Amino acid sequence: MGEQPSGEALNSDKSNKSPSGVMPDRKPTVRKSGASRPATRDTSPVGKTSAGKKAAVNATPEKPTATKKAAAKKTVTKKAAAKKTVAKKTAAAAEPAPAKKAAAKKTAAKKTAAAKKAVAKKTATKSAAAKKAPAKKTPAKKAPAFKRESRAAMVRRAHEINRELAELYPYAHPELDFTNPFELLVATVLSAQTTDLRVNQTTPRLFAVCPTPEDMAAMDPERLEELIRPTGFFRAKTKSLLGLSTALRDRFGGEVPGRLEDLVTLPGVGRKTANVVLGNAFGVPGITVDTHFGRLARRFGWTTAEDAEKVEADVAAIFPESEWTMLSHRVVFHGRRVCHSRKPACGACAIAPLCPAYGEGETDPEKAKKLLKYELGGQPGQRLKPPADYPGQPAPPMAPPVGAS
């Protein structure tokens, strides 16, 4: 904006009034943007005095160019200040305050330390577990063909196993000492929940006192319990022996029947006991499913059943009837000597190439040989009076009771 007129110019205007005291008409002044305000002009018809002229000359406005330059300079200054402010804000946003930087570094350091500590702890735990746990042996891979074999292939393999077992145990026999069907029947009842060796060491004294069903039926229960005590569960077994001997005396004339249907009616006699008596005392084919036979039949893939009668039916459908009795002896022999329940001697097994369960036990040949039992392990057998073709040593008799003469 231009400068205002000086005081002299205003006084001059007052002195230029018309004689009548009325201000003469003036034209309105139009302002242009950016132009300086012009000084008021005296349009009175009355002639101007020399003082008025001088005041008018002194009131001449400044040139508009200087005003524009000043305004432009001010605008540039404002823009520069705005740019500087924006630059400061951007720099402040891009670069965190020293306190924030320190906090961020501290948090990152804590996270890194925690991660390192967790990794170290995990590594230490794994190392301790590895040291504590024994190295696991990788079992030998089973032949996948056994899992997908047909029924016909399984039957062929089962017959091959039977032939191999026949060559391995040509002397297989019942491992209970007996001289007649009654002794075999009693010994089989006593063999429940104990070893055949313990039964064979117990029956000589028992049969010396009561050699027939009539003698046993007349025995005093307490006396009978004392005689069979080494076999365990002697009270229950005493009850069974007294019951079966009485039934033989009263119903069968003191003779052991030669039919399965009759034998299973005797107290304490089940299907397994009946098949043992029929197959070994009467020559009637039968499959004896004890714990050893059932375990191996499942390992060989002959059956998946747990029930003894179902196992017997499945195996009977694979082999001819003429093989049933000797098959039972061979499988039981192999289960007691090689294919143990907890740790089979797979590395010393003659039928390993035919067995789907190969690798469940020790596969190292030298270590497996140490697991063999009875005659295969150089130890005595279970019978005190084994067959003549038995290659092992007879079992020793029971030691006499302490204090006996």
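By class, the lining of the largest pocket has seven nonpolar, 20 polar and eight charged residues; here Asp, Glu, Lys and Arg count as charged, Ala, Val, Leu, Ile, Met, Phe, Trp, Tyr, Cys and Pro as nonpolar, and the others, Gly among them, as polar. This is a predicted model, where local features need pLDDT of at least 70, side-chain atom pairs count only at pLDDT 80 or more, and totals for linings use all residues. Residues are numbered from 1 along each chain, and side-chain values leave out hydrogens and water.

A pocket is an open set of points on a 1 Å grid where a 1.4 Å probe fits, with protein on both sides within 12 Å along at least five of seven lines, and lining residues have an atom within 4 Å of a point. Asp 196, Asp 290, His 292, Val 332 and Arg 336 lie nearest the centre of the largest pocket. Helix α16 gives the most to this lining, with seven residues; helices are DSSP runs (H or I, at least four residues).

Now for the rings. They pair if their centres lie within 6.5 Å, and planes over 60 degrees apart count as edge-to-face.

| Pair | Centre to centre | Between planes |
|---|---|---|
| Tyr 169 and Phe 333 | 5.8 Å | 65° |
| Trp 302 and Phe 319 | 5.0 Å | 70° |

Tyr 169 is buried because its relative accessibility is 1%, and buried means under 20% relative accessible area with a 1.4 Å probe, protein chains only. Phe 333 is buried too, with a relative accessible area of 1%.

Notes:
Helix = DSSP H or I, 4+ residues; strand = E, 2+ residues; numbered from the N terminus. Phe/Tyr/Trp six-rings, centres within 6.5 Å; stacked < 30°, edge-to-face > 60°. Buried < 20%, exposed > 50% of the residue type's maximum accessible area, 1.4 Å probe, protein only.
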